[in-house]
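Good morning, and thank you for coming. Please look at the sequence and the model together while I speak.

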Amino acid sequence: MKKVKEFLEQNGFSNSRNNDYINWEIGIILEDLHDENVLTNNGILFFIDTVFYLTEEFWKD
């Protein structure tokens, strides 16, 4: 899960709790990113069954 955290932090997300991340700037919340929902192949992350939410920030102009 270290690679997931590194990847998401490099893309503006911060760990909000357990396996959940949020990007306040663009208004996206990603949840349920545990080891069974993120697969890797040749170093590429594949997010499977991720729960995501859009905040009001996402819809601002």
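Tryptophan 59 lies in the segment after strand 6, where strands (E, at least two residues) and helices (H or I, at least four residues) are DSSP runs, numbered from the N terminus. This is a predicted model, in which local features need pLDDT of at least 70 and side-chain atom pairs count only at pLDDT 80 or more, while totals for chains, interfaces and linings use all residues. Residues are numbered from 1 along each chain as its sequence is written, and side-chain values use heavy atoms, with hydrogens and water left out.

Is tryptophan 59 buried or exposed? At 62% relative accessibility, tryptophan 59 counts as exposed. Here buried means under 20% relative accessible area, exposed means over 50%, and partly exposed lies in between, with a 1.4 Å probe and protein chains only. The C-alpha atom of tryptophan 59 is separated by 13 Å from that of isoleucine 29, and the two residues are 30 residues apart along the chain.

Let me turn to the aromatic rings. A pair of aromatic rings is described by the distance of the centres and the angle of the planes. Rings of Phe, Tyr and Trp (its six-membered ring) pair if their centres lie within 6.5 Å; planes under 30 degrees apart count as stacked, over 60 as edge-to-face, and the rest as tilted. How many aromatic pairs does the structure hold? The structure holds two. Phenylalanine 7 and phenylalanine 47 form a tilted pair, at 6.1 Å centre to centre and with 35° between the planes. This pair links distant parts of the chain, for phenylalanine 7 is in helix 1 (residues 2-10) and phenylalanine 47 is in strand 5 (residues 44-47), 40 residues apart. Phenylalanine 7 is partly exposed, with a relative accessible area of 36%, and phenylalanine 47 is partly exposed as well, at 33%. The rings of phenylalanine 58 and tryptophan 59 have planes at 85° and centres 4.9 Å apart, so that pair is edge-to-face. Phenylalanine 58 is partly exposed, with a relative accessible area of 35%.

Next, the strands. The protein has one helix and six strands, and from the N terminus on its elements run α-β-β-β-β-β-β. Two strands pair if DSSP finds at least two bridges between them. An open sheet of four strands has the order 1-2-3-6, with antiparallel pairing. Isoleucine 22 stands opposite isoleucine 29 in strand 3.

Now the charged side chains. A salt bridge is a side-chain nitrogen of Lys or Arg within 4 Å of a carboxyl oxygen of Asp or Glu. The structure holds three salt bridges. Aspartate 20 forms one with arginine 17, the closest N and O atoms being 3.5 Å apart. At 9% relative accessibility, aspartate 20 counts as buried. Arginine 17 also forms a salt bridge with glutamate 31, with the closest N and O atoms 3.8 Å apart. Arginine 17 lies in strand 1 and glutamate 31 in strand 3, so this pair ties together parts that are 14 residues apart in sequence. Glutamate 57 forms a salt bridge with lysine 60, the closest N and O atoms being 3.5 Å apart. Glutamate 57 is partly exposed at 33% relative accessibility, whereas lysine 60 is exposed, with a relative accessible area of 57%. Salt bridges that share partners join Arg17, Asp20 and Glu31 into one network.

I shall finish with isoleucine 48 and the protein as a whole. Isoleucine 48 lies in the loop between strand 5 and strand 6 (51-54), and this residue is partly exposed, with a relative accessible area of 39%. Along its principal axes, the C-alpha trace of the protein spans about 35 × 20 × 20 Å. Of the 61 residues in the protein, buried residues make up 25%.
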